[in-house]
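User: I would like to see how the labels on a model follow from their cut-offs. Could you walk me through it?

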Amino acid sequence: VSAFARARYLDVWFLALITVGMVILFAAIQPSWLNDRTLQSIVAQNAGLAVVAMAMTFAIISRHIDLSPGSMLALIGAVIGIVYRDTGSLALALLAGLGAGLLSGVGNGILVAGLGLNAIMVTLAAYIWARGLAVGLTHGDPIVVHGGLPGFMNSTWAGFSATAPIVLAVYLGGWFLLRRTRLGRYTYAMGGDPVGARRAGIDVRLYTTLVFVLMGLMTALASVIAIGQLASAQPYAGGGLELDAIIAVIIGGTRLAGGEGHVGRTALGVAFISILNSGLLNLGLTDAHYQLYKGGVLLSVLSVQILLRRLVAEQLRRRREQELLVDQAAVAA
Amino acid sequence: VPSFYRSSNLHVLMQQFAPLGLVTLGQMLVLLVGGIDLSVGANVLLSSVIIADLVQRQHQPLAVAIIAGIAAATAVGVVNGVLTAVIGIEPILATLGTLLLAAGTAKVILASGWIIVDDTFFADLAQHNVVLNLPIMVVLMLVLYALVAFGMRLTPFGRMVYAVGGNPASARLSGLSVTRVKILAFALGGLFAGIAGLLEVAQLGIVSQGDATGMEFRAITAALIGGLSVTAGGIGRVERTLVGALIVGMLANYQTIRGVSPTYQDAVLGGILLLAVVTDRLIRGRPS
């Protein structure tokens, strides 16, 4: 059994190897990149991505997807910024942001689960309208937010900012939700076999909506992190966040077809993307070369992972056939 | 708004609309075989950059430049097809990867900010009217739509696209080369993006980094409004796709005339897409 288990994680081992290889490569090219602050700054810069990717894992395991968190992050930020500017109260602003996050999750959830619409269409629409609304509401300008939030978010302990415990808590919470609660079990069940899940008496509408609510809440958290770090709400914040989050989940080994996956795998995927982004940006590349390298690395890693998975599946099939033959021989004897 | 109905506006509208229309046509083919192509916007940019660079900076003959630009875009389409159909990467991720590659290559070639294209061939393409106040580029787009519409109805390829998208397993069992049909659909998506790049050069007369960003989402929106599905391939018609693209194109044009800011235009476009999807569900009912 242990050989099978090891084989199943072959793609994860490969990704881990590539990630470590990247660290060594980037450090070799530019030794100044790797210092006693690198880890801290990578965590701080990618905290929003990490938080959103955790929720994206739930969405993808349940056979859905969410293309809207990048735009929603900006819209929730606009709400927080406007409430803070008009009332001067950070508590009220954060509450409004929480409400906006909840609302976005419930809205997407009801459209997907209640009306049975395809998640790509619903969240593609949200990707477009939420960004438009965010830029429109703020007139395209950042809104300054103080009131202790930037101080808290940028306070450091051993070089780690407040984002480190937040990310850690989110992943522990995500692991617990997925592995130890009804929501987690049903998320796997709905993704693996939606019709079977309904027949088994699972309230698919409720639990699908909850998956999107989790996404809305994590997006709101990512928005608060971004506002704290920049001391302002930016209308163009979160651009491309949804795609990086989806890459992190899929490259970690959670399948887009649903029913399989793990937040631990996503954590590794986030580490991979974060180190790739950080290392490439540190090389001082132009935007053009950055895109070229990122695209090339992503496609190569995805291709190799798929080939590895096929290899493992083939090996498992052969072993089963052999066992079957041995069994038959035993019966015949 | 009377100015919306002027024939001069019809000219402008159709001119602005032609590239999006072609990209949507390509997206339709990809959606029909059950894929999705995020790389089309970058692919349009790649084609227009190559054409502009070869004509203006390298002083190559016009034909060479145009063929090179369109060929590069088609090659990206083929790569998309191979990555998804042969290797088996999910289309949304494979085309995100090629989006980065195509955009990166385009920007490397572009290097400095922009290229102004002053060859009269391009201006003629956009300005010279053929029929009904419609310029050559628009007629070219409509002809391609007509060709694809006939192709889908009357050729084996068209039937194969619907078969592969509708039910890949049974298509494979009945002896169709699913892989080949998928690659061909992605390649045609690239080809149309390449031609759209040529039309962008004609319409704008200048090529810069930000051209055609987000066009993939506008094209997908147009296709969805036109009745295509992102979940199931094999559903959708060419003429409805054209209507979907026209709606997206007209919305942008109308709001620009009304002076609606581009940001709220996006909000409206997203709202319309949502409305289209919801109405479709309410009219047709839930899938069983």
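Analyst: Happy to; what follows takes the labels one at a time. This is a predicted model, where local features need pLDDT of at least 70, side-chain atom pairs count only at pLDDT 80 or more, and totals for chains, interfaces and linings use all residues. Residues are numbered from 1 along each chain as its sequence is written, chains are lettered from A and ligands numbered from 1 in the order in which they are written, and side-chain values use heavy atoms, with hydrogens and water left out.

User: Let's start with a residue. Why is A:Ser223 called buried?

Analyst: Buried means under 20% relative accessible area, exposed over 50%, and partly exposed in between (1.4 Å probe, protein chains only). A:Ser223 has a relative accessible area of 1%, so it is buried. This serine sits in helix α11 (residues 204-230) of chain A; helices (H or I, at least four residues) and strands (E, at least two) are DSSP runs, numbered from the N terminus. Not counting residues up to four places away in sequence, A:Ser223 touches A:Leu73, A:Ile76, A:Gly77 and A:Ile80, where contact means heavy atoms within 4.5 Å.

User: And what makes A:Leu325 exposed?

Analyst: Its relative accessibility is 56%, which is over 50%, and therefore A:Leu325 counts as exposed. A:Leu325 lies in helix α14 of chain A. Its C-alpha atom is separated by 42 Å from that of A:Ile65, 260 residues apart along the chain.

User: How do you know whether A:Val145, in a loop, is buried or exposed?

Analyst: The same cut-off settles it: the relative accessible area of A:Val145 is 1%, so this residue is buried. The loop runs between β1 (143-144) and α7 (149-154) of chain A. Leaving aside neighbours within four places in sequence, the contacts of A:Val145 include A:Tyr84, A:Leu90, A:Pro150 and A:Ile227.

User: What makes a set of residues a nonpolar core?

Analyst: A nonpolar core is a set of buried Ala, Val, Leu, Ile, Met, Phe, Trp, Tyr and Cys residues joined through side-chain atoms within 4.5 Å. The largest has 183 residues, of which A:Tyr171, A:Phe272, B:Leu22 and B:Leu25 touch the most other members. Helix α3 (residues 38-61) of chain A gives the most to this core, with 14 residues.

User: Now the interface. How do you know that A:Asp287 and B:Lys107 form a salt bridge?

Analyst: A salt bridge needs a side-chain nitrogen of Lys or Arg within 4 Å of a carboxyl oxygen of Asp or Glu. The side chains of A:Asp287 and B:Lys107 meet at 3.1 Å, N to O, so the pair qualifies. Across the interface of chain A and chain B the rule finds 1 salt bridge.

User: What is the area buried between chain A and chain B?

Analyst: About 3,600 Å², of which carbon and sulfur atoms give 78%. Buried area is the accessible area (1.4 Å probe) that two parts lose on being put together, summed over both. A:Met121, A:Ile128 and A:Leu299 supply 17% of the area that chain A buries against chain B, more than any other three residues. The contact takes 41 residues from chain A and 43 residues from chain B.
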